[in-house]
Amino acid sequence: MIWRDLERELQQREAAGRRRTLRLVPEGTLDAASNDYLGLARHPEVVRAAQDAAEQFGAGARASRLVSGHFALIQQLETELASFKGTETALVFSSGFAANVGVISALSNDEAALFCHKRNHASLLDGCRLAQAKGAVTRYFESPDKLRALLQKSKSPRKIVVADGVFSMDGDLLPLPEVLALCGEFEAILLLDDAHGTGTLGATGRGIEEHFGVHSERILTVGTLSKALGSQGGFVCGPRVAIDYFLGAAPSFVYSTGLNPPAVGAALAALRLLQREPGRVRRCRDNAMQLATRLGELGFEACFSGTPIIPVIIGDERAALALAAQLEARGLWCPAIRPPTVPRGTSRLRLTACSEWGPEELERIVAGFSSI
Ligand SMILES: *Cc1c(COP(=O)(O)O)cnc(C)c1O
C-alpha cells in the first residue's frame, strides 16, 4: 500500500528535521512571522466590513463568478485595486496562488517562452510547470545578465518574464528597472508578483513599482489580498484586454467559486484604510529596520532590505527548529523555515515586522533573542 511509503517518507523527513506539522499559535505569544504587515486583519473597520458584506451578499459567492458568483462589491474592489495600482483594470481570484497559476496558464501556448526567476514563489514555479504541459518552454534565471542571455537566445514571439517583486523568504527586491529594460529590449512582458510589496513598498504602499518610480504597459501585476490587506484572495492588474482574456481563459478563475463576500468586503475596507493612513507603510518599514539593527547587534545574521521581511539565517534545519522552540518558550512565535522552501544549509527564522508594533513589542522580541 502507498500509505506505507508515505509513512516511511514522513519518518525520513522527521529524522532530517524537515517534517512539517500544523501547530496552534499559543495564546499570548507575540506573532513575529505573520504577513499581516499593517495590522489590518483585526482592524475593527475591516472586521465590520466583512460582517456587513456577509449580511448583504451572503457567506459564500455561491458559484464561479462567470455563473452566478459575481456581485457589486467585488466589482467595486476591482475598480479600486486598478486605480490603486494605476492600471486599466483588475481581476480578483480566490487566492494569490490561484491568480498566479491561472494567469500563467492563460498566457501560455506552444509558442510561449517563460523566463522564471529561480527564487520565485511556489505558485509561480507551479504555474510555469503547468505551462509546459501546454507546450511552453520555461527557462530559469537569477541575475539580469542571465536573463539577458536567455532572452537573446529565444526566438519565441511570446516572451514572458515571471518574477516576484519581493522575494518572500529573503525579503530582497527584484532589480525591477533592469528587468523592465530587458523586457523592453526583447519585446517581453513582465508578470510581476508583488504579494509582499503591495501595502509595504513605496511612499504610499502601492508596491515595487512605486518604490522604483517605474510604470509600464508591459507589466502585469499579481498580488494578494491576504498579506498587507489582511483579508483573503488574489488579484491581477493590467490592461483591459489582458483581464478580459483571463476571465475566460484562466482555469482557476473559470472553474472555481468566486471569492466569498466577507473577504471582498474586508479587502475593500483595508484598501481604503491603507490609502487614508499611509503612515502605516512607513511605520512598518521603520520597525523592520529597527528590528534588524537590534538583532544584528546581538550577533544574529539579520538582513534588512527595505521590506518587512527579515530573514535570520541559522543554517542547519535542527538548529533552526531548536531556536524557534526556545523563542516560543519565551512567548515569541516565529517558526523555522527549512528546505525545500529555502536552499539546503540556509534554514532560517523569517521575522516579519508589523506597523502596529510599538517599543514594547520590539523590546519583547529583542529580549527573547538576547536571552538565547
Ligand atoms: C503568499 C504568496 C502568494 C500566494 O498568495 P495567497 O493569496 O496566499 O494564495 C503568491 N506569491 C507570493 C510571492 C506570495 O508570497
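User: In β6, which residue is the bridge partner of A163?
Analyst: Start with the strands: β5 and β6 pair in the parallel sense over six bridges. Two strands count as paired if DSSP finds at least two bridges between them. Helices (H or I, at least four residues) and strands (E, at least two) are DSSP runs, numbered from the N terminus. Look along β6 for the partner of A163, and you'll land on L192.

User: What sort of model am I looking at?
Analyst: Residues are numbered from 1 along each chain as its sequence is written, and side-chain values use heavy atoms, leaving out hydrogens and water. Local features need pLDDT of at least 70, side-chain atom pairs count only at pLDDT 80 or more, and totals for chains, interfaces and linings use all residues, the model being predicted.

User: How many residues of strand β5 are buried?
Analyst: β5 covers residues 158-164. Buried means under 20% relative accessible area, exposed over 50%, and partly exposed in between (1.4 Å probe, protein chains only). By that rule β5 is mostly covered, and of its seven residues the buried ones number six.

User: Why is β2 described as largely enclosed by the rest of the structure?
Analyst: Check which way the side chains of β2 go: T89, L91 and F93 point one way, A90 and V92 the other, and all are buried. So for β2 (residues 89-93), which is largely enclosed by the rest of the structure, the reason is the number of buried residues: five of the five.

User: And which residue in β8 is the bridge partner of F93?
Analyst: Five bridges join β2 to strand β8 (residues 234-238), and the two run antiparallel. Follow F93 across to β8 and its partner is G234.

User: Which two residues does a cis peptide bond join?
Analyst: As background, most peptide bonds are trans. Here, go to the loop between β11 and β12, where P340 lies. The omega of the cis bond is about 5 degrees, and the pair is P339 and P340.

User: What is the phi of R62?
Analyst: R62 sits in the loop between α2 (44-57) and α3 (72-85). It counts as exposed because its relative accessibility is 68%. Although R62 is not a glycine, its phi is positive, at about 80 degrees.

User: E187 also has a positive phi, but is E187 buried or exposed?
Analyst: The phi of E187 is near 55 degrees, and this residue isn't a glycine. You'll find E187 in the loop between α7 (176-185) and β6 (188-193). Its relative accessible area is 57%, so E187 is exposed.

User: How far apart are the C-alpha atoms of A61 and N260?
Analyst: A61 is in the loop between α2 and α3. With 5% relative accessibility, A61 counts as buried. Along the chain, A61 and N260 are 199 residues apart, but their C-alpha atoms are separated by 4.8 Å.

User: Which residue forms a salt bridge with D170?
Analyst: D170 is in the loop between β5 and α7, and its partner is 51 residues away, in the loop between β3 and α5. D170 counts as partly exposed because its relative accessibility is 22%. The closest N and O atoms are 2.7 Å apart, and the partner is R119.

User: How many salt bridges are found in the whole structure?
Analyst: Some are linked in a network, the one made by E45, R276, E277, R280, R283 and E356. Another bridge joins E14 and R19, with the closest N and O atoms 3.8 Å apart. Searching the whole structure gives a total of 22.

Methods. Salt bridge = Lys/Arg side-chain N within 4 Å of Asp/Glu carboxyl O.
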